[in-house]
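The sequence and the structure are shown first.

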Amino acid sequence: MSVDTVGITILLGSFIILVLLKFPVAFCLAFASFAAAAYAGISLGVITQRMIASVDSFALLAIPFFILAGEIMGSGGISDRLFNLARVFVGRVKGGIAMVNALDSVFFGMISGSAVAAVSSMGPIEIRMMKKQGYPTPFAVALSCTSATIAIITPPSHNMIIYASAIGGASVGRLFMAGILPGYLLCALLLIYCYVMARIKNFPYGGSFTFKESAKIILDSLLGLATVFIIIGGVFAGIVTANESAVIACLWAILVALFFYKGIKPLDIIPILRRALKTIALVMSLIAAAGAFGFMMTIFRIPELVTNGLLALTENRILLLLLINLSLLLIGSIMDMAPLLLITAPILIGVVTSPVIGMDPIHFGIMLIYNLSMGLLTPPVGTVLFVGSAIGGIRIEETIKALLPFYLVMIVGLLLITFVPAITLTIPNLMFGGG
């Protein structure tokens with residue numbers, strides 16, 4: 001097999017140089033694609049068509065609506081309700097407020113699908129309450145940042161839709177179902193860690209509510225949590241597609257935020273739309289540019305070269321998966337999650353689905369998303385790390401130091417998800433068949 005080393009160097013080299021020069025990633029992908037195409041004698045019109053075709057996808061219609069629904073619910077007065085709901089379940093346990101931090105990230109994450117939205121909305125409440133009960137601020141910030149990544153792993157994470165598009169059409173419904181247990185697994189690991197630390201550090205109990213207060217809190221939170229049932233229940237029951245559930249969830253979020261919780265006013269919709277459109281434009285431009293980049297990678301046979309290269313190193317399944325995870329952790333710390341999904345998924349899907357590893361594409365998608373979510377907690381591009389530190393009013397260095405044991409907790413979860421396929425595949429196989 002002939003290898004065009006000059007073409008590969010132009011494509012990857014120009015991309016890496018522009019990234020290091022801190023150009024926007026979408027621009028880096030597009031420029032590298034055009035430069036490589038010019039070298040290969042491919043019409044620039046073909047590259048433009050590839051970019052348009054990448055976003056001309058029915059499956060991608062869900063992304064704008066999930067992003068908008070998350071923005072509305074994040075601004076619509078749901079944060080306090082979810083915090084108190086979590087206190088009803090684990091508040092009376094030793095270290096209960098720390099556990100509340102992990103549990104309400106599950107609730108909010110399955111509504112917003114955004115880690116940044118989770119730490120922005122829940123972080124101020126969680127960190128304030130933990131500090132009030134005597135928890136060290138760095139610990140509170142680190143826990144808030146880590147638990148926020150649950151939103152990336154559980155549905156309706158739009159990163160699952162990006163992954164499905166990147167590998168050429170995996171089932172979004174199966175990906176949604178596959179993310180449930182891994183998200184709960186990370187929550188469980190955080191709950192265990194918080195309980196152990198509460199015993200060691202003698203952290204206080206979280207407090208409790210009377211039966212009447214608990215019932216009122218649960219009833220008050222049901223309207224917000226109904227968004228979860230609309231998204232997951234509708235897709236599971238086959239009543240709606242992922243796209244349709246996104247539209248319904250968006251309409252429901254507006255009704256709840258405006259008329260029931262009254263957390264926003266009609267005029268607040270305008271800045272919410274602005275924020276959502278900014279995120280949507282960023283995501284869609286990345287998808288378009290990555291489509292052209294992926295096309296050029298295929299022209300130069302980069303996925304095939306990577307597959308052959310990794311399999312030449314070893315045919316030990318465990319070592320290969322450890323090597324892939326380690327590589328993803330390293331590059332995830334220096335690049336944003338969405339472009340990495342678009343770049344790495346098409347390259348690695350051939351490796352993990354080869355007879356040597358034999359991994360299900362759905363299983364790999366959740367492993368990949370979980371792995372790259374850790375990059376949100378590491379400099380220099382860890383957006384959740386930066387937002388959480390700003391909310392807690394502490395230096396980045398303090399947060400990173402406090403995050404070290406949480407990294408280990410997340411790595412335990414990553415290894416379990418990687419080597420125990422049942423964690424990821426049980427629910428989608430039960431719901432949709434297969435296995």
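## Salt bridges

In this predicted model, Glu-397 and Arg-395 form a salt bridge in which the closest N and O atoms are 3.6 Å apart.

Glu-398 counts as partly exposed because its relative accessibility is 30%. Through shared partners, the salt bridges connect Arg-395, Glu-397 and Glu-398 into one network. The structure holds two salt bridges.

## Aromatic pairs

The count of aromatic pairs is ten. One of them brings together Phe-139 and Phe-203: the ring centres are 5.6 Å apart and the planes stand at 45 degrees, so the pair is tilted. Phe-139 belongs to helix 8 (residues 137–148), while Phe-203 sits in the loop between helix 12 (180–201) and helix 13 (211–237), so the contact ties together parts 64 residues apart in sequence. Phe-139 and Phe-203 are both buried.

Tyr-163 and Phe-364 form an edge-to-face pair, because their planes lie at 65 degrees, with ring centres 6.2 Å apart. This pair links distant parts of the chain, since Tyr-163 is in helix 10 (residues 158–166) and Phe-364 is in helix 19 (residues 361–373), 201 residues apart. Tyr-163 is buried, as is Phe-364.

## Aromatic cluster

Phe-139 and Phe-203 also belong to one aromatic cluster together with Tyr-135, Tyr-193 and Phe-406.

How values were computed. Residues are numbered from 1 along each chain as its sequence is written. This is a predicted model: local features need pLDDT of at least 70, side-chain atom pairs count only at pLDDT 80 or more; totals for chains, interfaces and linings use all residues. Side-chain values use heavy atoms; hydrogens and water are left out. A salt bridge is a side-chain nitrogen of Lys or Arg within 4 Å of a carboxyl oxygen of Asp or Glu. Buried means under 20% relative accessible area, exposed over 50%, partly exposed in between (1.4 Å probe, protein chains only). Rings of Phe, Tyr and Trp (its six-membered ring) pair if their centres lie within 6.5 Å; planes under 30 degrees apart count as stacked, over 60 as edge-to-face and the rest as tilted. Helices (H or I, at least four residues) and strands (E, at least two) are DSSP runs, numbered from the N terminus.
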